[in-house]
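Here's a quick tour of the model you have open.

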Amino acid sequence: MKTYINGILNPGIRVPFQEIQLSREEPFRIYDTSGPDPIEKKIIWPRSGTQNEKRTQLYYARKGIITPEMEFAAIRENVSPELVKSEIARGRAILPANIYHPELEPMVIGKKFLVKVNANIGTSALHSSELDELDKLLWAIRWGADTVMDLSTGSGIQSTRERILRRSPVPIGTVPIYEALEKVDGKIQDLSWEIYREILIDQAKQGVDYFTIHAGTLLRYIPLTKNRVTGIVSRGGAILAKWCTHHHRENFLYEHFSEICGILSEYDVSLSLGDGLRPGSIADANDRAQFAELGTLGELARAAREKDVQVMIEGPGHIPMHLIEKNMNLADGLCDESPFYTLGPLTTDIAPGYDHITSAIGAAMIGWYGASMLCYVTPKEHLGLPNREDVKAGLIAYKIAAHAADLAKRHPGAQNRDDALSRARFEFRWEDQFNLSIDPEKARAYHDESLPAPGAKNAHFCSMCGPKFCSMNITQEIK
């Protein structure tokens with residue numbers, strides 16, 4: 001059931017949590033991304049500034065002002081609003097909250113806070129259904145997505161995005177170059193700054209909270225990918241690389257970066273600097289192309305913050321375990337500890353169909369080392385467009401990875417849920433154990449496959465050990 005905590009600095013704030021009822025303990029409260037229940041009145045919370053005074057969260061933080069959005073996020077994180085404000089002011093955290101996304105429930109992304117998980121959804125040229133993508137959005141936030149990226153291509157991009165934004169309580173991100181390419185009928189050579197700028201403004205006015213912009217994919221870095229096994233695997237990076245080589249000109253996003261920042265600051269759209277040259281295979285990990293671009297992303301991040309634009313840096317795709325820590329350290333050093341937002345990384349290339357697992361391994365590690373947000377990978381990665389169940393599988397894998405990282409970082413309160421579940425397990429409180437788990441439906445179903453009778457919920461054993469060989473029951477007898 002939902003419960004709410006009111007703000008102190010801003011009493012109009014009501015921050016939602018899920019409350020798990022337990023049989024022998026006080027109710028347990030957990031972070032909730034699912035948004036308001038349809039039967040409830042919409043949560044109202046005051047926005048910073050006015051329509052005539054459009055300022056970014058970074059601007060307010062640097063002025064020493066704790067905004068309503070900052071307090072909302074602080075209550076969710078169980079930290080002080082002062083910490084949220086100071087981390088945003090330092091550029092180590094962002095609070096994506098477009099002034100035209102009133103449905104949003106604010107959250108914060110940064111290494112001092114809970115590791116967040118993004119879910120990618122969106123139509124493709126081969127499958128286009130607004131209702132399917134809306135269903136994926138609601139399903140993703142049901143399973144804990146902290147942000148959602150609409151990566152739609154094909155027809156109906158704008159209307160799909162409008163449906164998603166108007167129903168989303170979590171920040172929505174996009175890659176505007178996709179819509180720009182659709183506008184020129186897929187002819188990369190016809191792309192231009194003027195077309196891109198128009199789309200950027202339209203999406204900002206619509207309410208998009210953060211843009212992935214591949215401004216660091218520079219003309220001089222493209223030859224560095226020549227000997228790669230898998231070349232350029234970022235869609236945005238490949239599009240811009242082809243444009244640069246066709247025209248023998250520098251990336252127009254890099255050349256017009258100051259203007260881009262001006263647009264973003266007007267609507268408080270956060271900037272996610274895309275890693276267009278990320279490695280797409282273990283063989284290409286940590287190469288010159290990847291790190292050359294990363295250095296440029298650091299320069300761009302500093303330029304963006306000068307215009308009060310909030311910035312995070314996108315990170316690598318395929319990295320073996322022994323190279324992950326180096327990636328995180330370089331990102332911190334080159335990009336001044338800007339929040340690092342990583343795809344995986346995938347730690348091996350040999351498991352198509354299971355890449356939610358290969359990548360969750362890397363995600364847990366890089367989250368431990370300091371990454372702020374993890375972009376989920378579904379079982380369909382490299383194989384096809386994810387469906388509803390793929391979205392769930394990817395999110396569950398990544399919520400586990402994020403929580404494991406929070407435990408390793410010793411985030412305040414992160415272990416409380418583990419301890420509550422362990423007590424329930426040892427005391428054979430089966431229903432409490434199910435309800436405290438990340439997927440109560442699956443936990444209950446697995447138990448009931450072999451012991452479905454109602455009385456089995458009171459038994460001091462499961463079907464693995466039976467009544468005579470349960471170590472926990474024997475331990476209780478010893479005690």
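## Charges over rings

A charge counts as sitting over a ring if NZ of Lys or CZ of Arg is within 6 Å of the ring centre and within 35 degrees of the ring normal. With that in hand, look at Arg 388: it lies over the face of Trp 139, at 3.6 Å from the ring centre. Arg 29 does likewise with Phe 17, at 6.0 Å from the ring centre.

Some housekeeping: this is a predicted model, so local features need pLDDT of at least 70 and side-chain atom pairs count only at pLDDT 80 or more, while totals for chains, interfaces and linings use all residues. Residues are numbered from 1 along each chain as its sequence is written, and side-chain values use heavy atoms, with hydrogens and water left out.

## The barrel

Eight strands close into a barrel, in the order E6-E7-E8-E9-E10-E11-E12-E13, with parallel pairing. Strands here are DSSP runs (E, at least two residues) and helices likewise (H or I, at least four), numbered from the N terminus; two strands pair if DSSP finds at least two bridges between them. On average, neighbouring strands of this sheet are turned by 25° against each other, direction ignored.

Strand E6 (residues 116–121) has parallel partners in E7, over 4 bridges, and in E13 (residues 373–375), over 3 bridges. Asn 118 stands opposite Cys 375 in E13, and Ala 119 has Val 148 in E7 as its bridge partner. Val 148 also stands opposite Ile 172 in E8, where 3 bridges join E7 (residues 147–150) to E8 (residues 172–174).

## Inside strand E6

Buried or exposed: which is E6? Because 6 of its 6 residues are buried, E6 is largely enclosed by the rest of the structure. (Buried means under 20% relative accessible area, exposed over 50%, partly exposed in between, with a 1.4 Å probe and protein chains only.)

In a regular strand the side chains alternate between the two faces of the sheet. In E6, Lys 116, Asn 118 and Asn 120 point one way, and Val 117, Ala 119 and Ile 121 the other.

## An aromatic cluster

The structure holds 9 aromatic pairs. Rings of Phe, Tyr and Trp (its six-membered ring) pair if their centres lie within 6.5 Å; planes under 30 degrees apart are stacked, over 60 edge-to-face, and the rest tilted. Tyr 196 and Phe 252 have ring centres 6.0 Å apart and planes at 70°, so they're edge-to-face. That pair links distant parts of the chain, helix H7 (residues 193–206) and helix H9 (residues 252–255), with the two residues 56 apart.

Trp 243 and Phe 252 are edge-to-face too, because their planes sit at 75°, with centres 5.0 Å apart. Both of these residues are buried. Ring pairs link Trp 193, Tyr 196, Trp 243 and Phe 252 into a cluster.

Note on methods. Axes fitted to C-alpha atoms, helices over the stretch in contact; angles between N-to-C directions.
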